[in-house]
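Hello,

Here is the structure I promised to pass on to you. Have a look at it first, and my notes follow below.

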Amino acid sequence: MKKGDLILIGIVLVLSLSGLALYQLYFASHEIEGARIVISQNGDEWASVPLFEKGRSESIVFTGPVGETVVILGEDFATVEHSDCPDQICVSFGKAKRPGQTITCLPNRVFIRIEGGQGQDIDI
């Protein structure tokens with residue numbers, strides 16, 4: 001391999017990574033624009049807050065048929081930190097941070113979903 005080949009490979013690699021970074025930055029910021037975290041329990045909407053809120057660190061405790069479910073709202077996500085339900089499936093969901101993602105705790109009837117954002121209407 002010649003020196004010119006290495007330079008060409010380096011240029012192509014830098015351009016590819018730059019394009020990928022710009023794509024992620026552009027679409028990630030546009031996708032969450034206008035998105036909201038909607039939390040409901042027993043079918044009643046309890047909260048609807050913007051997905052992105054700088055400095056937010058909030059803990060909400062829901063009491064249901066099998067005990068408590070602790071929901072954490074961070075700067076750009078919602079997650080279930082703890083639940084008294086037996087299977088802990090809601091805890092294993094991790095963080096919901098993109099439109100369309102949901103976290104459900106069926107035993108305590110807590111439902112968290114990310115709604116809105118510009119990317120929600122696009123079929124791929």
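**What I found**

Let me start with a cysteine: C85 is buried, at a relative accessible area of 6% (buried is under 20% relative accessible area, exposed over 50%, and partly exposed in between, with a 1.4 Å probe and protein chains only). Please keep in mind that this is a predicted model, in which local features need pLDDT of at least 70 and side-chain atom pairs count only at pLDDT 80 or more, while totals for chains, interfaces and linings use all residues. Residues are numbered from 1 along each chain as its sequence is written, and side-chain values use heavy atoms, with hydrogens and water left out.

C90 is in no disulfide either, as its nearest cysteine sulfur, in C105, lies 3.7 Å away. C90 is buried, with a relative accessible area of 1%. By this rule, the disulfide count is zero.

Next, the strands (DSSP runs of E of at least two residues, numbered from the N terminus). An open sheet is formed by four strands in the order β3-β4-β5-β6, with antiparallel pairing; two strands pair if DSSP finds at least two bridges between them. β3 (58–64) and β6 (95–96) stand at the edges with a single partner strand each, so one side of each has no neighbour in the sheet. β6 pairs with β5 (residues 78–83) over two bridges in the antiparallel sense, and here T79 is opposite K95 of β6.

How many salt bridges are there? The count is three, where a salt bridge is a side-chain nitrogen of Lys or Arg within 4 Å of a carboxyl oxygen of Asp or Glu:

- K97 and D76 meet through their side chains at 3.9 Å, N to O. This pair links distant parts of the chain, 21 residues apart: K97 is in the loop between β6 and β7 (102–105), and D76 in the loop between β4 (67–73) and β5. K97 is partly exposed at 36% relative accessibility, and D76 is partly exposed at 27%.
- R56 and E53 form a salt bridge at 3.5 Å, N to O. R56 is buried, with a relative accessible area of 7%, whereas E53 is partly exposed at 37%.
- R113 and E115 meet at 2.4 Å, N to O. E115 is partly exposed, at 31%.

Best wishes

Technical notes:
Disulfide = S-S within 2.5 Å.
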